[in-house]
Structure formats: C-alpha cells, structure tokens
Amino acid sequence: ALGVGNHPRHFFHFLALNSLGAAIVPLNPDHRSAELQYALGHARVSLAVCHGELVNALSEAAARDPALSALPIAALDGEGNAPPSFPAAPRANSPAGPPVADPLRGEVAILYTSGTTGRPKGCVLTNEYVLGAGAWYVGLGGHLRLEQGCDRLLNPLPVFHMNCSMVAFSAVIHSENCLVLPDRFHAQTWWEDCVRSGATAIHYLGIMPPALFKQAPGEWEKRHRIRFALGAGCDPTLHGPFEQRFGFPLVEVWGMTETGRFIPNHLDPRHTDTRAFGRTPLPLQARVVDENDVDVADGAVGELLVRAEGADPRQGFFSGYLYDEAATAQAWRGGWFHTGDVVKRDAQGVLYFVDRKKDMVRRSGENISSAEVEAVLAVHPAVQRVAVVPVPDALRDEEVMAVIVPAAGQAADEATAHALVQCCLGQLAYYKAPGWVLFSEALPVTPTNKIQKSKLFGDGQSPFVGAFDCRALKKRPTTQGRA
C-alpha cells in the first residue's frame, strides 16, 4: 500500500515494486481509519509505505483488524527517505498465486472505486492496461497532440486515481516527456505554477475552470505556454469564454478506472456549448442501449456500453474486480462493459453525457457512494431513515445531500444537522460528508419499502428549501505542505 501523496516518490516506489513483481494499492490520504482498514484488509496488503502524517491512521486501521495486526508500516521522512530499518513484507501474507506466464498480464495495481452497494470495489490493473492507456493517449493527436520529448504535463489530480497515476504517467514515458506533479490544485497560484514549471499541457476537473475564471486577470495567466487541457465536467456555458480568455482548448473526455482509455472530444467541431465528449466511430466500440441492452435510436438516452476492437473485447481494460467474479461478470454481461453512465448519440455520431445511472455523487472529481454515507448515518440515534442524493453545486459540480427522517424525540434543527455531519467526518473522508441536510417527515417508498430517490422532490421543487447548509464544516484536513 502506498500512502505517500502526490510526490515523485510515489512513482519511484511504483516502478521499483513493479520491477519486483509486486502490486501497489494507492491510498487516499484523506481517508479515515475505517476506510483505510477496508482497503488494507480487502487487498490483503503485505506492507504499507506512507508519509509520516499517515502513520497514525494506518496504525489505527491495522489495530482494528486482527488480520492486519502484524502489518509492517514504513514511514518516510519529510524528504521521502525510508527509515534506517525498513520493515520486510512477510511472504506468508502474500496472496500472490503462481507466476503469470505473460508479464503484460501481470497484476501491477489495485485501484479502489466507489461502488453503488456501499463498499468500494478493487479494480485489478495490469502492465498491459498501464502501457496501453499511455500509448492510446500519445496516439490521439488532434487537440491532444503530445510532441515527442518536448512537453511538460502538469497534472494536479491525485495519484490514487487512474488519470494521473496510470494514464498520464504512462503517456509521458511513451513520449519521453515530463510529468509535473503539484500536491493538488491551487487556484491562487495555478498560472504561476504553469509558468514556473514550463508546462505545455494540463489536466483538469470540472471544479478548476470556474475557480480559475473567477480569478481577477493577472500577469501570470498571460505568460503560460499551455497548448491544451484534458479533463471532464466543464460547464458548457463557461467552456467557450474560458478558451477565449486563456487561449487554449479544454478537451472534454470520458473515462473510467475500468476502461483505462479515454473517449476524447479532441477533433473539431467539438460542440463546446454542450456536454459532448466524443464521436463514433471510435477505437473503442460504443453502444447506447436501454434497460434490456437493446440499442436506442439516435437522440434517445441510454446507458453507454464499451469494449475493445478485435477478438478480445476486454483487451486493455481492467482484469476484473478483486475477489468479486460476480460483479465482474455482471459488468461484462453480453460481452460489453456496462459503464453505468447515461448518454445520448446524435445522427453524426457525437456522444453527449447526460447523467449517471449509478447511485453516486460526483463531487470535485470524486465518486461518492450514496450507500456508504447512508450506512454511517443510518446507525446514528438521531436518524430513523435516510436517503443520500446529489444536488447541484456551482463550484464542485455536485454536493452530498442527506434527506433524513429524524428518530422519535429528535429535533429537526441545525444542531442535529451539524451533529450528523460531524459523525460522518469522524468516519469518512471529509468530502463524503453531507454538505446539505434536509429533514423530512417521511421518504417516498415502493410497495417493497425501497426508497424512491427520484420522487424525493417534485417537478420544479428546489431541494434546498428548508435544508441546512453544512458545507462550511467540510474542511480538508491539513496534511502535507505543498510539494
């Protein structure tokens, strides 16, 4: 397990461990001990390497699980140096099976993604996945053209996500280029970072364009050398004005940890006033289907299905969900990977993102499982029943809202709302806690007593009426300083 943050040492460890045939499990440094415990235990981690500020959380996580009680934890110092006595990973704890005949199919990383049933799923990634994703990026061209040995890619996304740790990293190796790695996105100093690093390309999340556009014009933004930006989630109303002000294209893409490769909107016309993200035909085959996996007509909405060209539809995709063959088979039913994303395709083959079929909240690029947050709130004594849903947020795309039926005798007031948020902050990463809490006398349910989230709010009804704004409580814990 690697918990060293956005720092070059993450990749030094990744490459060293890869050469030894060991797989990494990148950790989110914002996760609390219960979340860390799940990843460490589920992946059967043999050794944890982390920066000093994560030691206590990892130690607490290991102490909660008897199977992890002997987990060796190596804490790096402020310079990224290993301790004088580096603990050995006991081979008896290793889950590895017999050697893989084809090194390209060998396991190199387990990346955890938020699932719709509460617990994250571990995506098993291979050398083929990592190398293929980078080669795919380098071969795209168009507005995403990387020049061999000439570019510097500034990527503020976390190394526990595939975008930075797998795709961008592999792409700069393929193209003999440089990956510039800030600790995270800093709006106030972003253009200075771009200029001082000599960056020629950047990656972004939907939160970044509005944050940068709101900044007063300054000298640094006029001196950058950025040729393009790759990302997702830019508001169509801001897309054109952003490009006009800053002088480079924001190329919207679609992708998932499971797919490795992006579907890009990198060729003109890009339809920047819409949520277009690509155009068929693609090197990845794509379909838009209804609930019975029957193709829908152009202009109709449906779920996006994808697969690779050629004899092996899974080539370059993840190998499967760790220890969950049933979930893997369900995702690949009918020989197509079911993305859970609702899209539509026009007569010219342009694909447009509409919504997510999965029960998730997409906040600042993080997929948050509603079920995971509901599981924490459901056991609180102030809660009789709860539904967690996404609500619009001008800065972060979506925010977490908890709609709660209070338990008998519990006050439906701001103090109770704050107590519930603090409960979540104690058990979950800060960004997963509700930013809004709405109390309700009842929740709409089906005849089988399942909550109907689509009926929580009537047509035209604002979800914010009567809700308590708790967003100020969601503060990112101070960990590492800027790298």
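At roughly what angle do the axes of helix α10 and helix α11 cross, and within what distance do they come?

Modeller: Bear in mind that this is a predicted model. Helix α10 covers residues 370-378, and helix α11 covers residues 414-427. Their axes cross at roughly 115 degrees and come within 10 Å. The crossing of α10 past α11 is right-handed. On the α10 side, V373, V376 and L377 make the contact. On the α11 side, the residues are L420, C423, C424 and Q427. Sorted by class, this contact has six nonpolar residues, one polar residue and no charged ones.

The largest nonpolar core has 85 residues. Y137, M166, W190, F248 and F337 have the most contacts inside this core. Helix α5, residues 162-174, gives the largest share of the core, with eight residues. There is also a second, separate core of 26 residues, and A402, A417, V421 and C470 are among them.

Setting aside neighbours within four places in sequence, M166 is in contact with F14, A109, L111, L125, Y129, V130 and H161.

S170 sits in helix α5. S170 counts as buried because its relative accessibility is 3%, and the cut-off for buried is under 20%. With neighbours within four places again left aside, S170 is in contact with V130, L131 and G134.

Conventions. Residues are numbered from 1 along each chain as its sequence is written. This is a predicted model: local features need pLDDT of at least 70, side-chain atom pairs count only at pLDDT 80 or more; totals for chains, interfaces and linings use all residues. Side-chain values use heavy atoms; hydrogens and water are left out. A nonpolar core is a set of buried Ala, Val, Leu, Ile, Met, Phe, Trp, Tyr and Cys residues joined through side-chain atoms within 4.5 Å. Buried means under 20% relative accessible area, exposed over 50%, partly exposed in between (1.4 Å probe, protein chains only). Helices (H or I, at least four residues) and strands (E, at least two) are DSSP runs, numbered from the N terminus. Contact means heavy atoms within 4.5 Å. Axes are lines fitted to C-alpha atoms, for helices over the stretch in contact, and angles run from 0 to 180 degrees between N-to-C directions. A crossing is left-handed if the near helix is turned anticlockwise from the far one by less than a right angle, and right-handed if clockwise. Ala, Val, Leu, Ile, Met, Phe, Trp, Tyr, Cys and Pro count as nonpolar, Asp, Glu, Lys and Arg as charged, and the others, Gly among them, as polar.
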